[in-house]
Amino acid sequence: MVRLAIVLWLSVLALASVKAEITNIFALTNKQLLSHELEVNVDSYLAVSKLRRLAVEFFDHYSNVTLADLYVGDQRSRLPSVQDMKCLADMALLTNDLSSLKVWTLKMIDSWGLLPAGVLVGNWWDLGNFDECIGIDHAVTTSHRVKGKYCFAKFTPTPSVSTRVAIKTAVCFPASCSAANMDTLLRRLLQTLLNIEIGTEVQIVDEATCQTSETKPYDGLTIFTIVVLSLLGALVGLSTLYDYFLSQDEKTIHPVVKAFSARANSRALFKIVDTRSNPHVIDCLHGIRCLSFIWVVFAHDYLTFARSPSINMADVLTWIDSFFSMFVVHGIYAVDTFFFLSGLLLVMIALRLMDRTKGRLNIPMMYLHRYLRLTPLLAFAILIYMKILPLMGNGPLRGSVSFDDYASCEETWYWTLLYVQNYATDNLCISHSWYLAVDMQFFIFAPFLLICLYKWGKKAAAGIFILMLLLASCLFSIMVINNLSLGAGGNGSMRRLYYATNTRASPYLIGILFGYFLHVNRGKDFKLNRLTVLVGWLVGLALLFTCLFAVYGQSSLPIVEEASYVTFSRIAWPLGLCWVVFACMHGYGGLANGFLSSPLWQPLSKLSYSAYIFHMFIESLNGGMTRTSTYFSDYQMMLRFWSDFGFTLLFSYLMHILIEAPFASLEGLLLPTNKPNPPPAMESKIEPKVAEIETSPDESPVEKSVETEPATTEEVTKTLPENNSV
């Protein structure tokens, strides 16, 4: 114990010597530094550097803490609460045992964070030692124990620095003390150390950042979620055992047992279908869909990093202007790709059906099939994000390294299940589910466009083209008239420019027009000379790369230029994809077609819906379990991506065989189509494609093509990303 105390105090002395070195360095620089384009006053910085010994200063300053220390301003006149008295008693016990160098008190000091090294280059966090703090459990009596409480203390180092650039350091104190108690004590201490007045409007310690080892009892919804998932797991387990040991032929197994059998669903998931003999299958869509989904996960990893502590956050300012950053910043085009594929597949499958049924569509059944196809997994996702994620692992950043406050699901979950969350609320339950809402809203209007195309052909196509131009003009006008910038962030611009259905319509409508073109010319053999093919690829790639790099090196744009870029890029991107798909379909894809059409994409394509829904679960979980600050670089982000992506696939496979595949099969049993054995792959889920990310379990995107058998209403409703057979 004495040895531990000696080590601790030597560490404090070492930090004091480092402060002296910093003083000398600043003296040689005329006491001025430029950091993030903000001048930092050296005297203020050196005063703040005392925070390197914040824990020592704190317990030294409050060696004889009193009730008066727990109040500031008008609070001094109020009577102490029971909680205040418990906090005061535990603080007194702590300072008393500290004088005796007891190990539990040294752990409480040792777990505090320090002033981060490298504040001037963006290292604004010190996470301390989370596990050491919450692991403190000192028995005072049989009925009284002092436990550790881990929180973040946040403050701005100098008035000249933006409040968004706040230093956050870990603090540890008895769990009986509230964040308000600790806020008051730290406020008094900092005013003494820095000789500055900290306004009461500045909250140094927030209860939302605090954690202890104690866990709350499960509420009713948590228990319900665990029970339902356990029952599904039991059904899958029993069905799998029956299938493996008692079933002699997969064709004779009972449909319900087969629906829950992990063996049967895995067989369908990993089945590789050779589609070379089927001219109506668009193989390259598998690769396009999967690459788009990978792009989504990769871009979200960077955004998750932005909420995580890094020792070189300032390097992001130079990275954002780099060439490589364009691939991350413009990950938005992955979503446009899904909208394009959704419109394309829907039209090609639906028009083939309408040709065989003389223009008839069972629109109510289309809507019902689609809703039942998408909603079960989404409903379970809401429960899992809201109730299971908080139970899985802990860490100093738990709940803060994500896009959403999933607790808001308690208030807005029904908007998500109605697919209107992009308009109905500012607090999205699962933010990336906005895509599902927009795609569902497109699907609701799509049958009317299909009927027009069937009845009036090219005239209807011309009308859809004009509609696309009008909606694009609407996007341009909204941005210019309201001076709304997509890069400004905030709910206003996001809701009106990013989440709004009308502003995302261009890729979907272009997909519909291109699908109509392919339908009209089905079976036609396009003979193109080398020059035409070369020009096609040059134009197609020029459109794609212009979208990615047209604003390279531009930190900001005038609103008219930005509006023009956003509007035209949402048209140019799907047009570039039109050539890629056309070239691959007709033998002009070369290496691109060989890569995009690889059968190895098929399993991931069928997992894409589940993976899209749950990829943020893995990113939030891994981010919240972070114990130390990370280092930012593209290579480090690549390492982080592959780990997140790998666990996303594993978790999505689990959700696929547990929820998505069984419910998809049951839906097919409850709502049978006019075909005895609906093709598994024909349920090309074009549905929400968040990256077209919804692929049904047993549907192989290319197992069946509509060319050999008439399409069904069910097939139309499933024009999800995964079915590339048309």
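Predicted model: local features only at pLDDT ≥ 70, side-chain atom pairs only at ≥ 80, totals over all residues.
1. The core. The largest nonpolar core has 193 residues, and the members that touch the most others are Phe58, Trp112, Leu186 and Phe614. Helix α14, which spans residues 332-357, supplies the largest share of this core, namely 17 residues.

2. Surroundings of Phe58. Once the neighbours within four places in sequence are set aside, Phe58 is in contact with Met91, Trp112, Met182, Leu185, Leu186 and Leu189. Two of these partners, Trp112 and Leu186, are named together with Phe58 among the core members that touch the most others, while Met182, Leu185, Leu186 and Leu189 also belong to the α7 side of a helix contact in which Phe58 takes part on the α3 side.

3. Packing of α3 on α7. Helix α3 (residues 54-61) packs against α7 with the axes 11 Å apart and at an angle of about 100 degrees; because angles of 65 to 115 degrees count as roughly perpendicular, the two helices α3 and α7 are described in that way. From α3 the contact draws on Leu54, Glu57, Phe58 and His61, and from α7 on Met182, Leu185, Leu186, Leu189, Leu190, Thr192 and Leu193. By class, the residues of this contact between α3 and α7 comprise eight nonpolar, two polar and one charged.

4. Asp183. Helix α7, residues 179-194, also carries Asp183, which has a relative accessible area of 9% and is therefore buried, given that the cut-off for burial is under 20%. The side chain of Asp183 makes a polar contact, at 2.5 Å, with the side chain of Arg187. Apart from neighbours within four places in sequence, the residues in contact with Asp183 are Val202, Gln203, Ile204 and Val205.

5. Leu101. Although Leu101 is not a glycine, its phi is positive, at about 55 degrees. Leu101 lies in the loop that links α4 (82-99) and α5 (103-110), and with a relative accessibility of 25% this residue counts as partly exposed.

6. Tyr419. A positive phi, here about 60 degrees, is likewise found at Tyr419, which is not a glycine either. The residue sits in the loop between α16 (409-417) and α17 (421-424).

Definitions and conventions: Residues numbered from 1 in each chain as written. Heavy atoms only, no water. Core = buried A, V, L, I, M, F, W, Y, C linked by side-chain atoms within 4.5 Å. Buried < 20%, exposed > 50% of the residue type's maximum accessible area, 1.4 Å probe, protein only. Helix = DSSP H or I, 4+ residues; strand = E, 2+ residues; numbered from the N terminus. Contact = heavy atoms within 4.5 Å. Polar contact = N/O pair within 3.5 Å; in protein donor to acceptor, adjacent residues only side chain to side chain. Axes fitted to C-alpha atoms, helices over the stretch in contact; angles between N-to-C directions. Parallel < 35°, antiparallel > 145°, perpendicular 65-115°, else oblique. Nonpolar A, V, L, I, M, F, W, Y, C, P; charged D, E, K, R; others polar.
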